[in-house]
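Welcome to this tour. Please open your viewer and get ready to select a few things one after another.

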Amino acid sequence: MRDGGMGELRMSRAVFEAVRAHGEEAYPEECCGALLGRRVEGGWAVEAALRAGNTRTESARNRYGISPLELIGAKREAGRLGVEIAGFYHSHPDHPAQWSRTDLQESHWVGCVYVITAVAEGRATVSNSFLLEGTSEEDKRFEGQRIEVLEG
Amino acid sequence: MTIVIPTPLRVFTGGKDSLDVAAGTIAGALEELTTVYPDLRKHLFRAEGKMRAFVNIYLNDEDMRYLPEKEATAVKASDTLSIIPSIAGGVA
Ligand SMILES: [Zn+2]
């Protein structure tokens, strides 16, 4: 799937809706969480979403951060489920579901997915997935992925 | 002790998500890790040898930055050292 085509992120309807509901509940602040899943051809298949608190309490309307301690817990949960930390999600209150310069600068999990949901006036609208590609801090970049929502 | 390796760094460890090392301190454990997997070094440390700012090192549930002896902190075989690149972002 790396020959110019978009990779894809697979997730169940339940996980997809849970991520979006979190964005609506946190509005007008940014929500965030971890995505657990396994590697598949072309990307990741996400099996669970774990909510995290937003550590950026002083600027939560336009910043997010996840405490490393919560990540230690997420890693433990991933191990229990036999999966990995596949990536993260956060919301953009009243902003498009596109990564920002700050998002790229502060993303360091190369090979993982970052799902962004736009929340307009409290309602989740578009969700987009971006794979952090590259080999290092110096050449990292976001590549858009199609989100394939699996019904049932 | 056990060192837990995060998803993005597993391409440098042949896919392994942890490594058991026999080290006396946090610094010793990281030295052993980067000796076993030399490609990891530049992802954890800047050229002059300082830890990259976005790399968090936790000894069990404690941030190494707040341990009085930092990387010189003594470790036991039953300890877990987690490497956690930070997760953050923001609009504009
Ligand atoms: Zn963002």
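Two strands pair if DSSP finds at least two bridges between them. Helices (H or I, at least four residues) and strands (E, at least two) are DSSP runs, numbered from the N terminus. This is a predicted model, in which local features need pLDDT of at least 70 and side-chain atom pairs count only at pLDDT 80 or more, while totals for chains, interfaces and linings use all residues. Residues are numbered from 1 along each chain as its sequence is written, chains are lettered from A and ligands numbered from 1 in the order in which they are written, and side-chain values use heavy atoms, with hydrogens and water left out.

**Stop 1**

Select residues 7-12 and 141-150 of chain A. These are strands S1 and S8, paired in the parallel sense over six bridges. Within this pairing, A:Ser12 has A:Leu150 in S8(A) standing opposite.

**Stop 2: an enclosed strand**

Is S5(A) largely enclosed or open? Nine of its ten residues are buried, so S5(A) is largely enclosed by the rest of the structure. Buried means under 20% relative accessible area, exposed over 50%, and partly exposed in between (1.4 Å probe, protein chains only).

Look at the neighbours of S5(A) too. S2(A) runs antiparallel to S5(A), joined by six bridges, and A:Cys32 has A:His90 as its bridge partner. With S6(A), S5(A) pairs in the parallel sense over seven bridges; there A:Phe88 stands opposite A:Tyr114.

**Stop 3: the aromatic rings**

A pair of aromatic rings is described by the distance of the centres and the angle of the planes. Rings of Phe, Tyr and Trp (its six-membered ring) pair if their centres lie within 6.5 Å; planes under 30 degrees apart count as stacked, over 60 as edge-to-face and the rest as tilted.

Over all chains, the structure holds five aromatic pairs. Select A:Trp99 and A:Phe142: their ring centres are 5.4 Å apart and their planes at 50°, so this pair is tilted. A:Trp99 lies in the loop between S5 and H3 and A:Phe142 in S8, so the pair ties together parts 43 residues apart in sequence.

To see the cluster linked by ring pairs, show A:Phe88, A:Trp99, A:Trp109, A:Tyr114, A:Phe130 and A:Phe142.

**Stop 4: a residue on the helix**

Finish at A:Glu25 in helix H1. A:Glu25 is exposed, with a relative accessible area of 55%. Its side chain makes a polar contact of 2.9 Å with that of A:Arg51. A polar contact is a pair of N or O atoms within 3.5 Å; within protein, one must be able to donate a hydrogen and the other to accept it, and residues adjacent in sequence count only if both atoms are side-chain atoms.
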